Amino acid sequence: MTDALKRLSEEGVAIWLDDLSRKRITSGNLAELIDQQHVVGVTTNPTIFQKAISQGDGYDQQLSDLAARKVTVEEAIRMITTADVRDAADILRPVYDATDGQDGRVSIEVDPRLAHDEKATVAEARQLAWLVDRPNTLIKIPATMAGIPAITEVIGLGISVNVTLIFSLERYRAVMDAYLSGLEKAKERGLDLSAIHSVASFFVSRVDTEIDRRIDEMGTDEAKALRGKAGVANARLAYQAYEEVFSSDRWSVLENAGANKQRPLWASTGVKDPAYKDTMYVEELVAPNTVNTMPEATLEATDDHGEIRGDAVRGTYEQARADLDALEKIGISYDDVVRVLEEEGVEKFEASWNDLLKSTQAELERLAPAEG
């Protein structure tokens with residue numbers, strides 16, 4: 001049996017786990033995944049933390065202490081999530097050191113309720129970087145219209161960023177431009193550009209889910225022939241844009257000053273439709289200098305039966321463009337799809353954050369010391 005995860009790593013794809021919990025940290029499971037399954041990073045989001053805190057008793061001691069101090073639920077969440085990220089960052093520190101800071105990274109997201117507030121997003125990013133206080137942290141900022149200038153400002157402060165919720169090629173180009181602008185600001189401030197890292201999280205499966213839903217509503221054979229093609233095509237064209245931007249004269253100036261490329265990160269790579277192979281968004285998006293952040297089920301599926309056939313992206317741009325053009329021809333608007341996905345993405349993370357607030361509040365009340 002071939003070691004698919006090893007082969008994936010050798011092709012230049014950094015394998016990150018899209019999950020974190022205290023149990024995963026304390027049981028040694030995270031360390032085991034790093035040691036045995038080539039995991040070199042971790043991403044988190046409000047949904048992941050909501051699930052972790054609401055299951056099991058791994059947080060009871062800390063929650064009990066927080067309840068005794070009568071902290072607000074928002075402060076409790078910040079203390080809990082930053083503690084997990086700090087511990088995970090420490091476990092990944094040897095990877096960070098071995099890769100000169102490229103991998104060994106743990107991502108933590110700004111409060112999604114701030115997604116449309118530039119100044120608050122910048123302030124939250126600074127606060128999170130200070131609270132976690134580990135060099136191998138990435139602060140996640142959504143690629144909303146307010147998020148774009150916030151990314152420039154945060155990068156300009158020397159804080160490494162994971163830009164999340166990218167669905168459209170146009171927005172992705174704006175993200176890369178924001179990164180370069182941030183590096184230029186950091187350079188003007190005399191900061192060490194080699195210490196600043198970033199990934200751009202381009203979402204994949206959600207594109208297919210939304211477009212396939214519209215295809216199924218149409219019900220024609222012509223439409224059905226395009227099912228399951230858009231997510232991969234969109235991501236491949238994103239990689240083409242990445243190649244263009246990071247071979248430009250503007251980039252060369254920054255690279256000569258020590259800057260690191262902002263790597264494309266394939267997010268939402270768990271396959272939602274059972275009609276598709278469960279490793280599709282891993283196998284079809286192999287390309288140098290990328291990250292694939294996988295839910296554990298996708299990681300295990302790739303380890304078990306993934307077929308890594310080398311670079312699956314470069315040389316496919318013409319076909320990818322044709323696939324997206326074919327959708328426009330049958331009346332599925334790319335611009336409308338990506339707009340809906342961004343709005344839904346922010347709404348879903350806000351809903352998860354509100355669920356996190358509710359479940360944490362309930363735990364604080366359950367564990368509060370008796371009066372008297």
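This is a predicted model: local features need pLDDT of at least 70, side-chain atom pairs count only at pLDDT 80 or more; totals for chains, interfaces and linings use all residues.
Apart from its neighbours within four places in sequence, Gly101 is in contact with Tyr96 and His197.

**Around Gly101**

- Gly101 sits in the loop that runs between helix 6 (73–98) and strand 3 (105–109).
- With a relative accessible area of 4%, Gly101 is buried, because the cut-off for that word is under 20%.
- If you look for Ile25, 76 residues apart from Gly101 along the chain, you will find the two C-alpha atoms separated by 21 Å.

**The chain as a whole**

- The protein chain has 17 helices and eight strands.
- Its radius of gyration is 21 Å, close to the 21 Å given by the globule rule for 372 residues, so the chain is as compact as a globular protein of that length.
- Along the principal axes, the C-alpha trace spans about 70 × 50 × 45 Å.
- Of the 372 residues, 57% are buried.
- Take the contacts between residues at least 6 apart in sequence: 80% of them join residues at least 24 apart.
- The accessible surface of the chain is about 15,700 Å², and carbon and sulfur atoms account for 48% of that surface.
- The chain carries 42 positive and 66 negative charges, and the mean positions of these two sets are 2 Å apart.

**Helix 8 and what covers it**

- Helix 8 covers residues 147–156, and eight of its ten residues are buried, which leaves this helix mostly covered.
- The buried residues of helix 8 are Gly147, Ile148, Ala150, Ile151, Thr152, Val154, Ile155 and Gly156.
- Their cover includes two helices, helix 7 (118–132) and helix 9 (169–188).
- After helix 8 comes Gly158, which has a positive phi, near 90°.

- Strand 6 is mostly covered, with six of its six residues buried.
- On one side of strand 6 are Ser198, Ala200 and Phe202, while Val199, Ser201 and Phe203 are on the other, and both faces are covered.
- Strand 6 pairs with strand 5 in the parallel sense, over four bridges.
- Within strand 6, Phe202 is the residue that Ile166 stands opposite.
- Strand 5 also holds Leu165, a residue other than glycine whose phi is positive, near 60°.
- Leu165 counts as buried, because its relative accessibility is 3%.

**His38, a residue in a loop**

- His38 is another residue other than glycine with a positive phi, near 60°.
- You can find His38 in the loop between helix 3 (29–36) and strand 2 (39–42).
- His38 counts as partly exposed, because its relative accessibility is 26%.

- Strand 8 (residues 290–294) is largely enclosed by the rest of the structure, because five of its five residues are buried.
- Thr290, Asn292 and Met294 point one way from strand 8, whereas Val291 and Thr293 point the other way.
- Strand 1 (residues 13–17) pairs with strand 8 in the parallel sense over five bridges, and in this part of the model Trp16 stands opposite Thr293.
- Strand 7 (residues 263–267) also pairs with strand 8 in the parallel sense, over two bridges.
- For Trp266, the bridge partner in strand 8 is Asn292.

**Leu17 in strand 1**

- Leu17 belongs to strand 1, and it is buried, with a relative accessible area of 1%.
- Leu30 is 13 residues apart from Leu17 along the chain, and their C-alpha atoms are separated by 9.1 Å.

How values were computed. Residues are numbered from 1 along each chain as its sequence is written. Side-chain values use heavy atoms; hydrogens and water are left out. The radius of gyration is taken over C-alpha atoms; the globule rule is 2.2 Å times the number of residues to the power 0.38. Buried means under 20% relative accessible area, exposed over 50%, partly exposed in between (1.4 Å probe, protein chains only). Contact means heavy atoms within 4.5 Å. Accessible areas come from the Shrake-Rupley method with a 1.4 Å probe; for residues, only the protein chains shown count as cover. Lys and Arg count as positive and Asp and Glu as negative; His and the chain ends are not counted. The place of a charge is taken as NZ of Lys, CZ of Arg, CG of Asp or CD of Glu. Two strands pair if DSSP finds at least two bridges between them.
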